[in-house]
Amino acid sequence: MLNLERLRTLDALARHGSVSGAADALHVTTSAVSQQLAKLEREVGQQLVAKNGRGVRLTDAGVLLADHAARILSQVELAQADIEAQRGQVVGEVRLAGFPTAARGLFPAAITALRRDHPDLVVRTSELEPEHGVRQVLRGDMDLAVVLDWSNKRLPVPAGLAGAELLDDAADVAMPADHPLAGRAELDLEELADEEWVSWPEGEFCYEWLMFTLRSKGVEPRIAHLAGEHHTQLALIQAGLGVCVTPRLGRGTVPEGVALVPVRHQMRRHIYAVWRTDADRRPSIRAAVEALREVGRTVGS
């Protein structure tokens, strides 16, 4: 009989690619991971893991069993979801991930509603960029992630995830209040061709979107500053150090000396939740999605 927890350890190693990564995902020590793998090898009578430089790799037998482990664990999750659904109670724990403005603009009110309506449900949250949130949900490290598409660029979402729309979020251009365009009712991005930009960090989905959007308008971006937090970006604008795109969700108070101007062809983010399809029937997932939708209807109106 194969031990389920040891299969979970093998699955974590296959997904994360290292003993330390598996240990972090499972919230155990690296020695505990190694011990579980050694016991699993004795159970199956084959070597599952081999040394690979300073790390390890799965043997052919390890890859084969890891594939089975992923399917077995998925079936276990389905069984747990069905049991929860049959019981019909919103209990246990649900883990939510969200990119910074969603975590700031949606999570506080949604969690408050969940605590009020479902006092036996424990909600845990993490702030993660959209692509990282998707990966965490696929790995099973998060139950649900709030992610986004821009109206002209979609976030790649792999198969195996279900989703629900939460709201559309418009974005404006922020600039110093004494900028020549600051008094305009709206503008075209082409009018900012000579500006220096404050952007999200390189490699993030929103950075790639900004590059794509400006270049599609014939503007070669001059990126002067990189900052992950919108409040930091606005502080740089306040100091007269460029312009930036700033979404409205979770924006908060705009600093004095910063002007916001809408774009003629409005820039919008489509914000939605994703979760594993094999957890679709869990009442806790459904309750979390409904709470986020309700807050989305409020802030998006």
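Reply: Helices here are DSSP runs of H or I with at least four residues, strands are runs of E with at least two, and both are numbered from the N terminus. In this predicted model, Val134 has its place in helix α7, which covers residues 130-139.

Me: Is Val134 buried or exposed?

Reply: Val134 has a relative accessibility of 4%, and because buried means under 20%, Val134 counts as buried.

Me: What does Val134 touch, leaving out residues up to four places away in sequence?

Reply: Val134 touches Ala145, Val147, Leu155, Pro158, Leu161 and Val274. As for Pro262, that residue is 128 residues from Val134 in sequence, and the C-alpha atoms of the two are 30 Å apart in space.

Me: Switching to the sheet, in what order do the six strands run?

Reply: The sheet is open, its pairing is mixed, and the order is β4-β3-β5-β10-β6-β9. β4 (121-127) and β9 (244-247) stand at the edges with a single partner strand each, so one side of each has no neighbour in the sheet. On average, and ignoring direction, neighbouring strands of this sheet are turned by 30 degrees against each other.

Me: How does β3 pair with β4, and which residue stands opposite Val122?

Reply: Strand β3, residues 92-98, pairs with β4 in the parallel sense over seven bridges, and Glu93 is the residue that stands opposite Val122 in β4. Helix α6 (residues 107-117) packs on the sheet, where α6 touches β3, β4 and β5 (144-150), and the direction of α6 makes about 170 degrees with that of β4.

Me: And which strands does α8 lie across?

Reply: Helix α8, residues 205-216, lies across β5, β9 and β10 (258-276), and α8 runs at about 5 degrees to β5.

Me: How many residues does α1 have, and what span should they give?

Reply: Helix α1 (residues 4-16) has 13 residues, which at 1.5 Å a residue should span 18 Å, and the end C-alpha atoms are 18 Å apart, so the two agree.

Me: Which residues of α1 are buried?

Reply: The buried residues in α1 are Arg6, Leu7, Thr9, Leu10, Asp11, Ala12, Leu13 and His16. In reading such a list, keep in mind that an α-helix has 3.6 residues a turn, so residues three or four places apart point the same way.

Me: Then α2: which residues are buried there, and what do they pack against?

Reply: In α2 (residues 19-26), Val19, Gly21, Ala22, Ala23 and Ala25 are buried, and the buried residues of α2 pack against α1, α3 (30-44) and β2 (55-58). Just after α2, His27 takes a positive phi of about 60 degrees.

Me: Last one, what about the chain overall?

Reply: The chain has 10 helices and 10 strands, and its C-alpha trace spans about 75 × 50 × 30 Å along the principal axes. Of the 301 residues, 47% are buried, and among contacts with a separation of 6 or more, 76% are between residues 24 or more positions apart.

Notes. Residues numbered from 1 in each chain as written. Predicted model: local features only at pLDDT ≥ 70, side-chain atom pairs only at ≥ 80, totals over all residues. Heavy atoms only, no water. Pairing = 2+ DSSP bridges. Axes fitted to C-alpha atoms, helices over the stretch in contact; angles between N-to-C directions. Contact = heavy atoms within 4.5 Å. Expected span 1.5 Å × (residues − 1). Buried < 20%, exposed > 50% of the residue type's maximum accessible area, 1.4 Å probe, protein only.
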